[in-house]
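Thanks for making time for this one.

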Amino acid sequence: MNRTLVLISALGAGLMTTAGVSQTAAAPAPAIAAPAAVEPQAIPAKIALVAFEQAVFATNEGQRAVQQIQDKYKPKKDQIDTLSKEVDSLKAQLQSAPATLSDEERATRLRNIDTKEKELNRNAEDAQTAYNADLQEAYGKVAAKVSVTLKDYVSKNGYTLLLDVSGQQSNVMWANQSTDVTQAIVTAYNTSSGVAAPPPAGPSSPAATTARPRPTTTPKPAAPKQ
């Protein structure tokens, strides 16, 4: 859960407690019977594994959202690629400059390269930050809906425990692949959402930019609580 939400919830609970104390001082609260203890039961375990983050982006809706974001940032990426090529060209020209090049001219070229390189890095970082923010927002929207399908699936299929193996530091050291329900969840969600599969991406589909404009893989936002 978001730390801010945790803090707000905690503050809210504290305020409610304070209000309750004030009300108690004014008028005694009626006695409330303690809830009956629930006796735990031992039942046969049926464990399922899911790569939740991958499942969200593998759905038709998730793929469509990523493609829309990449299309949105393609003009910016093309602009950054052009500036990157310009910087590389200026560096190559300076390296191949004749030895007779004056110190003043060399210093001027170096300043020009430095200015353009700083602009390149600044633009690339800003674009990457904005791209990641849009991707995180899109992920959250789809993840909330996929989570509903996931819980319904494991409940109907009698699973007693669900483990998310999206993270690289998963505690699952080994598992039978037949227990992995990731693709089943993707299929079930695609069926329920009614969203058609996006057309295949072209050979040079746009991607996010890094500090030095190079294609990057899709970030992996944290999965919502199951």
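This is a predicted model: local features need pLDDT of at least 70, side-chain atom pairs count only at pLDDT 80 or more; totals for chains, interfaces and linings use all residues.

Let me begin with a definition: a salt bridge here is a side-chain nitrogen of Lys or Arg within 4 Å of a carboxyl oxygen of Asp or Glu. Residues are numbered from 1 along each chain as its sequence is written, and side-chain values use heavy atoms, with hydrogens and water left out.

By that salt-bridge rule the count comes to 10. One of them joins Lys 77 to Asp 81, with 2.9 Å between the closest N and O atoms. Lys 77 counts as buried, at 15% relative accessibility, where buried means under 20% relative accessible area, exposed means over 50%, and partly exposed lies in between, with a 1.4 Å probe and protein chains only.

Glu 61 and Lys 145 meet through their side chains at 2.5 Å, N to O, and because Glu 61 lies in helix 3 and Lys 145 in helix 4, the pair ties together parts that are 84 residues apart in sequence. Glu 61 is buried, with a relative accessible area of 11%, whereas Lys 145 is partly exposed at 40%. Lys 72 and Asp 134 form a salt bridge as well, their closest N and O atoms being 2.7 Å apart; here too the partners lie in helix 3 and helix 4 respectively, so the pair ties together parts that are 62 residues apart in sequence. Lys 72, at 53% relative accessibility, counts as exposed.

Let me step back to the chain as a whole. Its secondary structure comes to five helices and two strands, and from the N terminus on the elements run α-β-α-α-α-β-α. Of the 226 residues, 27% are buried. If contact means heavy atoms within 4.5 Å, then among contacts with a separation of 6 or more, 86% are between residues 24 or more positions apart.

Which residues touch the most other members of the largest nonpolar core? In this core, which has 22 residues, they are Phe 52, Val 56 and Val 146, a nonpolar core being a set of buried Ala, Val, Leu, Ile, Met, Phe, Trp, Tyr and Cys residues joined through side-chain atoms within 4.5 Å. The elements that give two or more residues to this core are strand 1, helix 2, helix 3, helix 4 and helix 5, and helix 4 gives the most, with nine residues. Apart from this core lies another, of six residues, among them Leu 83, Val 87, Leu 120 and Ala 124. Returning to Val 146, and leaving aside its neighbours within four places in sequence, we find it in contact with Phe 52, Val 56, Thr 59, Ile 185 and Tyr 189.

That brings me to the aromatic rings. Rings of Phe, Tyr and Trp (its six-membered ring) pair if their centres lie within 6.5 Å, and planes under 30 degrees apart count as stacked, over 60 as edge-to-face and the rest as tilted. By this rule the count comes to two aromatic pairs. Phe 57 and Tyr 139 form a tilted pair, with 5.4 Å centre to centre and 35° between the planes; since Phe 57 lies in helix 2 and Tyr 139 in helix 4, the pair ties together parts that are 82 residues apart in sequence. Phe 57 and Tyr 139 are both buried. Tyr 73 and Tyr 131 form an edge-to-face pair, at 5.7 Å centre to centre and 75° between the planes, and because Tyr 73 lies in helix 3 and Tyr 131 in helix 4, that pair ties together parts that are 58 residues apart in sequence. Tyr 73 is buried, as is Tyr 131.

Note on methods: Helices (H or I, at least four residues) and strands (E, at least two) are DSSP runs, numbered from the N terminus.
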